[in-house]
Amino acid sequence: MSDRSFVRFGGLAAILLALTSWAAVLTFYTAAAGGQDLVGVEMFRLFSALIAFWSLFAIVAVHWVVRPHGEAWSFFAVIVGVTAAAATFVASLYPIAFTRHLLRDPIDVNVALPTAVPPTDPLNAMTFGLTGLWFLIANLLLSRAAVPRRLALLGLVGAIVLLGGFLAALMAQDALVDSVALAAGAVVGPVYWLWLGFVLRRMA
């Protein structure tokens with residue numbers, strides 16, 4: 001095992017993240033029927049958790065690539081990114097665990113209320129807020145590294161979209177939050193991660 005092998009795997013994780021993101025969007029609008037089918041929604045949440053899992057490897061791989069261009073900022077970014085990914089992972093699995101608990105013990109039906117607000121991601125603080133902050137710092141650093149300039153610019157667009165989604169969540173603009181989630185999950189995010197994955201593997 002070596003640093004290069006980790007960066008190469010981080011690139012593969014980024015590619016798998018992009019593919020999983022498209023699978024999640026497709027599942028939400030087909031099997032999950034836009035959030036109406038319980039089994040489909042559970043599949044969507046499992047895909048969402050898998051996205052966060054893949055991002056852990058990709059985020060650390062990016063840190064290893066960009067740290068010569070700003071070690072303190074790179075270290076801060078990896079802490080923010082890993083925290084956001086881990087919290088998103090838990091937030092995606094939390095409603096699944098809650099639903100399964102209620103199916104086993106229907107008497108606890110009143111306990112189902114908190115599932116609408118996962119405790120690790122209130123107001124999209126992790127999925128949009130801290131993830132957007134990671135996108136911002138990481139891509140400012142990537143713009144100094146040997147990566148395509150358009151890739152870093154796309155990452156900065158992703159940061160603007162995600163941080164805008166967080167502000168929309170703070171202002172209770174649910175329709176705008178849904179639009180941001182669709183844009184980030186179906187277009188900007190997957191294209192960025194797919195491109196970044198190939199770049200990381202080439203750099204490794």
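**View 1. Helix 2 passes helix 6 in a left-handed crossing.** A crossing is called left-handed if the near helix is turned anticlockwise from the far one by less than a right angle, and right-handed if clockwise. Helices (H or I, at least four residues) are DSSP runs, numbered from the N terminus. This is a predicted model, in which local features need pLDDT of at least 70 and side-chain atom pairs count only at pLDDT 80 or more, while totals for chains, interfaces and linings use all residues. Residues are numbered from 1 along each chain as its sequence is written, and side-chain values use heavy atoms, with hydrogens and water left out. The axes of helix 2 (residues 38–66) and helix 6 lie 11 Å apart, at an angle of about 50°. Axes are lines fitted to C-alpha atoms, for helices over the stretch in contact, and angles run from 0 to 180 degrees between N-to-C directions.

**View 2. Residues of helix 2 meet residues of helix 6.** Ala-58, Ile-59, Ala-61, Val-62 and Val-65 of helix 2 are in contact with Trp-193, Leu-196, Leu-200 and Met-203 of helix 6; contact means heavy atoms within 4.5 Å.

**View 3. Helix 4 (residues 125–142) and helix 6 (residues 174–203) cross at roughly 35°.** Their axes come within 14 Å, and the crossing is left-handed. Helix 4 contributes Phe-128, Trp-134, Phe-135, Asn-139 and Leu-142 to the contact, and helix 6 contributes residues including Tyr-192 and Trp-193.

**View 4. Helix 3 (residues 71–104) has a kink at Leu-93.** The kink of about 25° comes shortly before the proline Pro-95; the bend at a residue is the angle between axes fitted to the seven residues ending there and the seven starting there.

Conventions. Helix = DSSP H or I, 4+ residues; strand = E, 2+ residues; numbered from the N terminus. Expected span 1.5 Å × (residues − 1).
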